[in-house]
Amino acid sequence: MHKLIYILIMAIIVLAGCEISKTIDYDITYPPDKLVITGFVGMENRAEAYISISNPPLSSDLKILPQVEVTLFEDGNIRDNKTLSDDPLYISAIDFKADAGKSYSISAKAEGYPEAVSEVETFPERVTIDSVNYSILPDDEILIKTYFTDPDEDNYYVIKIIMNYNDTLVSADYPLFILSSAFSDKKFRSGIGQVDRREYLRAGGSVNNPIYYNKADIILFTISKAGYDFCHSIDEADYTYGDIFTAPTIIESNIRNGYGIFMAYSTDTIQINLEK
């Protein structure tokens, strides 16, 4: 009996020291490459779109964008058409001016790829800022409160603040706006909207001679629902990134036969003077 137990123990030790593995080759199949459109209609009354090619998550291939034909539609009619050869950025013609209430869409066509076409976006009516006030906080911070009247229908917004010192020192005005800052009017629908934002008041200088921003541009973006859905999905994806217990977030897209976003927005801007 003791001899049998000894044999079993030795067998377990030997097996524990062995590495048992098996390699299984599995071909991962990805959908075919498609064109990606990332664009908008609105800023400075122009339409803009960056065209690229989709890339699988594990791929390191460098995709060269071929010649692309980009067409901008207004109320279903061709408003502008350009062929991009060296630069993947489309910018509408100089005489283009977007009008509130009209609908816009964009398409991109390149050899070897299906034609990518955006859903129709209605250029939103501009919602104006009613008033802005601010208060100085400790640690060189400022609280800026923006008020506006929210129309009856569902609306979606972004507030952007650009700080300025004597038109020389300017806080970052790129990108267009922070995607995570988009919000809906759910909390104040058809009433007075209020948005509170904290910003740093100090622009530079030294400890003994600090320089503080003395102006601020408050920009109220009224964005389309497609734009809000896209921004919201990006924000959720960032929030859940790396959480193994959360299902991956699907990034919203309004591009048929492709990927990306084409959104519309209007803006209203107020500049205020700041005194510390």
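Is Glu 141 buried or exposed? Glu 141 is buried, with a relative accessible area of 17%. The legends below describe a predicted model.

**Figure 1. Overview of the protein chain.** The chain has two helices and 19 strands. Of its 276 residues, 38% are buried. Among contacts with a separation of 6 or more, 65% are between residues 24 or more positions apart. The mean pLDDT is 87, and 88% of the residues reach 70 or more. Where pLDDT is low, the predicted coordinates should not be read in detail.

**Figure 2. A salt bridge between Arg 198 and Glu 141.** The two side chains meet with N and O 3.1 Å apart. Arg 198 belongs to strand E14 (residues 192–200) and Glu 141 to strand E10, so the pair links distant parts of the chain, 57 residues apart. Arg 198 counts as exposed, at 54% relative accessibility, whereas Glu 141 is buried. Side chains of opposite charge can pair when their charged atoms come close.

**Figure 3. A salt bridge between Glu 119 and Arg 256.** This view shows one of the 11 salt bridges in the structure. The closest N and O atoms of Glu 119 and Arg 256 are 3.6 Å apart. Glu 119 lies in the loop between E7 and E8, and Arg 256 in strand E18, so the pair ties together parts that are 137 residues apart in sequence. Glu 119 is partly exposed, at 36% relative accessibility. Arg 256 is also partly exposed, with a relative accessible area of 41%.

**Figure 4. Helix H2 and its cover.** Helix H2 runs over residues 225–240. Its 16 residues should span 22 Å at 1.5 Å a residue, and the end C-alpha atoms are 22 Å apart, which agrees. Buried residues of H2 include Ala 226, Tyr 228, Phe 230 and Cys 231. Among the elements that cover the buried residues of H2 are strand E11 (156–165), strand E17 (215–223) and strand E19 (259–273). Just after the helix, Gly 242 takes a positive phi of about 85°.

Figure 5. The side chains of Asp 229 and Lys 225 meet at 2.8 Å, N to O. Both residues lie in H2, four residues apart, which is about one turn of the helix. An α-helix has 3.6 residues a turn, so residues three or four places apart point the same way. Asp 229 is partly exposed, with a relative accessible area of 23%; Lys 225 is partly exposed at 46%.

**Figure 6. Two loop residues with positive phi.** Most residues other than glycine have a negative phi. Asp 139, which is not a glycine, has a positive phi of about 60°. Asp 139 sits in the loop between strand E9 (129–137) and strand E10 (141–149), and is exposed at 69% relative accessibility. Asn 257 is not a glycine and has a positive phi of about 60°. Asn 257 is in the loop between E18 and E19 and counts as partly exposed, at 46% relative accessibility.

**Figure 7. A nonpolar patch on the surface.** Tyr 50, Leu 89 and Ile 91 form the patch, with about 240 Å² of accessible area together. Ile 91 is in strand E5 (residues 89–91) and is partly exposed, with a relative accessible area of 35%.

Methods
Residues numbered from 1 in each chain as written. Predicted model: local features only at pLDDT ≥ 70, side-chain atom pairs only at ≥ 80, totals over all residues. Heavy atoms only, no water. Buried < 20%, exposed > 50% of the residue type's maximum accessible area, 1.4 Å probe, protein only. Contact = heavy atoms within 4.5 Å. Expected span 1.5 Å × (residues − 1). pLDDT = per-residue confidence, 0-100. Patch = residues over 30% accessible without salt bridge, like charges linked within 9 Å, V, L, I, M, F, W, Y side chains within 5 Å. Areas by Shrake-Rupley, 256 points an atom, 1.4 Å probe, with all protein chains shown as cover. Salt bridge = Lys/Arg side-chain N within 4 Å of Asp/Glu carboxyl O.
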